[in-house]
Amino acid sequence: MGHKILLKGNEVMAEAAVQAGCRFFAGYPITPQNEVPEYMSKRLPEVGGVFVQAESELAAINMVFGASASGARCMTSSSSPGISLKQEGISYIAGAELPCVIANMQRGGPGLGNIRASQADYFQAVKGGGHGDYRVIVLGPSTLPELYQLTMNAFDWADFYRNPVMILGDGILGQMAEPVELSPYKPIVNLPEKDFVLDGCKGREPRVVKTLVLKPADGLVAHNEHLQEKYQRIEDELSLCAEYETADADIVVAAYGITARVAKGAVRMAREKGIAAGLIRPITLWPFPKSLFLSIAQTASQVLVVEMSHGQFIEDVKLAMNCALPVEFLGKGGGWYPTEEVILEKIEAMAQAYAVSGKETNKCRH
Amino acid sequence: MPTLKRTEVLKDNQTHYCPGCGHGIVHRLVAEVIDELGIREQTIGTAPVGCAVLLYDYFNCDIIECAHGRPPAVATGIKRVQPDKIVFTYQGDGDLAAIGTAETVHAANRGENITIIFVNNAIYGMTGGQMAPTTLTGMVSTTTQDGRGGHGEGPPMKVCELLSSLGGVCYLERTAVSTPKDVMGAKRAIKKAFQNQIDGKGFSLVEVLSMCPTDWKLSTSKAVDFVNNEMKKVFPLGVYKDK
């Protein structure tokens with residue numbers, strides 16, 4: 001057993017990375033994630049690791065590219081505008097199939113936006129973000145203990161699949177403090193040998209890490225097919241989702257990250273008022289846990305999607321359920337966040353409308 | 001009498017470079033230096049975007065191909081994780097002095113213990129002859145069709161002069177490969193730049209003025225003349241920093 005200590009989310013994530021063996025971090029200051037580079041600048045040298053404050057997000061992600069090619073467990077973090085800058089490097093790292101962990105403590109956008117929490121980078125995170133057909137494994141932690149655990153897992157999955165893994169948090173998760181037990185790191189997969197590492201060609205043929213594929217003429221087609229096969233394997237193997245009170249729920253709230261934490265409270269309040277509400281909370285946002293949503297579609301009557309954006313996550317919810325249920329929406333971008341009361345109000349309105357209209361519902365109205 | 005021998009640092013491949021291009025010479029010089037220092041098996045090279053992107057087809061050592069302009073950042077990641085390895089970047093003028101200016105300047109200012117080979121041919125070669133940051137004033141390119149300077153392009157950027165004020169820089173020298181004497185000078189500078197890294201002295205950059213007959217639209221001999229008579233006037237050869 002470890003001991004519980006009170007830390008901010010950004011520090012929890014940084015310490016989890018160190019525990020998981022992260023020994024290289026490059027980053028650039030941006031609110032609300034500044035505690036990550038600050039923590040790493042002090043902590044990494046204590047364990048023989050390297051911290052570099054980069055001149056830009058572009059440089060930071062490319063330093064991570066080099067560190068990953070050198071075999072180090074490595075990480076960068078930022079918040080929304082900075083993550084946009086990193087997209088170039090993420091595309092290269094995904095194309096070259098190197099492992100790394102990237103954290104996005106989302107803030108309000110578009111543009112410079114503001115420094116309040118947001119979930120408006122969902123599309124960017126789960127649909128690609130940079131150029132080319134590639135995928136990044138995306139994790140949506142909801143509490144700081146989960147952030148701690150998922151950050152450690154992220155390094156394992158990055159190494160296991162040789163793929164970038166993104167922790168999609170937000171400003172609240174990064175800035176809030178919560179007691180967390182700093183349990184020791186244990187790998188959750190059999191870690192493959194890193195046979196791509198560039199460490200000088202002593203005793204072996206030289207290795208190349210690259211993304212340009214000119215020869216043979218259809219080489220890039222084959223490379224893309226190989227990547228897609230890997231992404232399919234990840235979809236088959238890695239799909240995490242949490243449920244709360246869904247077994248007999250008529251109204252299921254779908255939410256991820258910090259929003260799901262608020263929604264859980266609203267579901268509890270709805271239950272106290274006699275409404276059969278439940279919560280489904282994807283933990284992996286890519287791959288999206290489709291099968292659980294499909295089974296919810298069999299048992300529930302309505303779905304309420306809550307997110308801190310004007311409707312991005314909702315598209316995956318509808319796709320996963322094949323539009324089998326009516327889906328209501330509660331969400332805004334720009335720093336808006338839901339309270340338990342606001343979500344409860346929406347649940348109550350849905351319950352009332354459902355009682356009035358019976359089974360006649362307008363499917364996929366949003 | 002000494003004879004030229006193959007170096008095992010270069011693969012037995014025909015290069016894709018145009019006739020009269022300087023890259024072949026610079027490749028050979030870097031390879032000879034790596035060979036003479038006996039560091040091939042501990043060297044990691046970083047390839048740029050530009051004509052030299054296929055560096056790994058020619059160099060017989062570990063290579064990572066980078067996004068355009070990012071080799072100094074990638075090299076930073078490699079060198080910081082593996083300080084006992086020898087890390088070099090090989091970059092053209094667009095890569096190093098346009099899209100990668102920030103990465104170059106800050107790697108230099110941090111004093112990263114890496115070696116940069118900067119091939120300046122005053123033009124974008126691979127994309128077909130557009131203006132480079134180092135294109136000479138008045139020089140015609142496909143994006144300065146009546147000569148650089150008349151439309152707000154500014155004058156050519158002088159990288160060694162620019163970097164010489166930075167405290168983290170150990171060694172800067174501008175060389176050329178347009179005469180046999182220059183080629184020998186370039187090799188001496190490249191060797192020093194690698195030796196500095198071995199000795200832990202910090203950031204070393206060797207600029208090499210080089211020919212691009214194809215995109216200059218000159219014969220191979222006139223391209224050599226252009227380096228000697230025009231480029232050297234704007235980009236004087238010499239040591240800009242040696243601490």
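Let's start in a loop: Glu245(A) sits between strand E10 (241–244) and strand E11 (251–254) of chain A. What makes this spot worth a look in the predicted model is its backbone: Glu245(A) isn't a glycine, yet its phi is positive, at about 55°. Most residues other than glycine have a negative phi, and most peptide bonds are trans. As for its surroundings, Glu245(A) has 17 C-beta neighbours inside 10 Å, so it counts as partly exposed.

Chain A has another glutamate of this kind. Glu97(A), also not a glycine, has a positive phi of about 55°. Look for Glu97(A) in the loop between helix H4 (80–96) and strand E5 (100–106). Glu97(A) is partly exposed as well, with 18 other C-beta atoms within 10 Å.

Thr31(A) and Pro32(A) are joined by a cis peptide bond, with omega at about 10°, and Pro32(A) is found in the loop between strand E2 (22–27) and helix H2 (35–46). Further along, a cis bond links Lys215(A) to Pro216(A), this time with omega at about -5°. Pro216(A) belongs to the loop between E9 and H8 of chain A.

Now zoom out to the layout of chain A. Its domain assignment gives domain 1 (4–199 + 225–237) and domain 2 (241–357). Taken over C-alpha atoms, the centres of these two domains are 27 Å apart. Where they meet, 27 residues of domain 1 are in contact with 22 residues of domain 2. On the domain 1 side, the elements that each supply at least two residues are helix H5 (122–126), strand E6 (137–139), strand E7 (164–170), helix H7 (171–175) and helix H8 (219–237). H5(A) has the largest share, with four residues. By type, that side of domain 1 divides into 15 nonpolar, eight polar and four charged residues.

A compact globule of 243 residues would have a radius of gyration near 18 Å, and chain B, at 17 Å, agrees with that. Of those 243 residues, 56% count as buried. Among contacts in chain B with a separation of 6 or more, 67% come from residues 24 or more positions apart.

How do the two chains meet? In this model, 28 residues of chain B are in contact with 32 residues of chain A. On the chain B side, two or more residues come from each of strand E1 (43–47), strand E2 (62–65), helix H3 (71–81) and helix H5 (101–110). H3(B) gives the largest share, eight residues. That side of chain B divides into 14 nonpolar, seven polar and seven charged residues.

Finally, look inside. The largest nonpolar core has 194 residues, and Val101(A), Val253(A) and Ile117(B) touch the most other members. Helix H6 (residues 144–161) of chain A gives the most to this core, with 11 residues. Both domain 1 and domain 2 of chain A give residues to the core, so it lies between them. Over in chain B, leaving out residues up to four places away in sequence, Ile117(B) touches several residues, including Val26(B), Val30(B), Phe88(B) and Ile190(B).

Definitions and conventions. Residues numbered from 1 in each chain as written. Chains lettered and ligands numbered in written order. Predicted model: local features only at pLDDT ≥ 70, side-chain atom pairs only at ≥ 80, totals over all residues. Rg over C-alpha atoms; globule rule 2.2 N^0.38 Å. Buried ≥ 20, exposed ≤ 12 C-beta atoms within 10 Å, placed from the backbone. Contact = placed C-beta atoms within 7 Å. Core = buried A, V, L, I, M, F, W, Y, C linked by C-beta atoms within 7 Å. Domains from an automatic or database assignment. Nonpolar A, V, L, I, M, F, W, Y, C, P; charged D, E, K, R; others polar.
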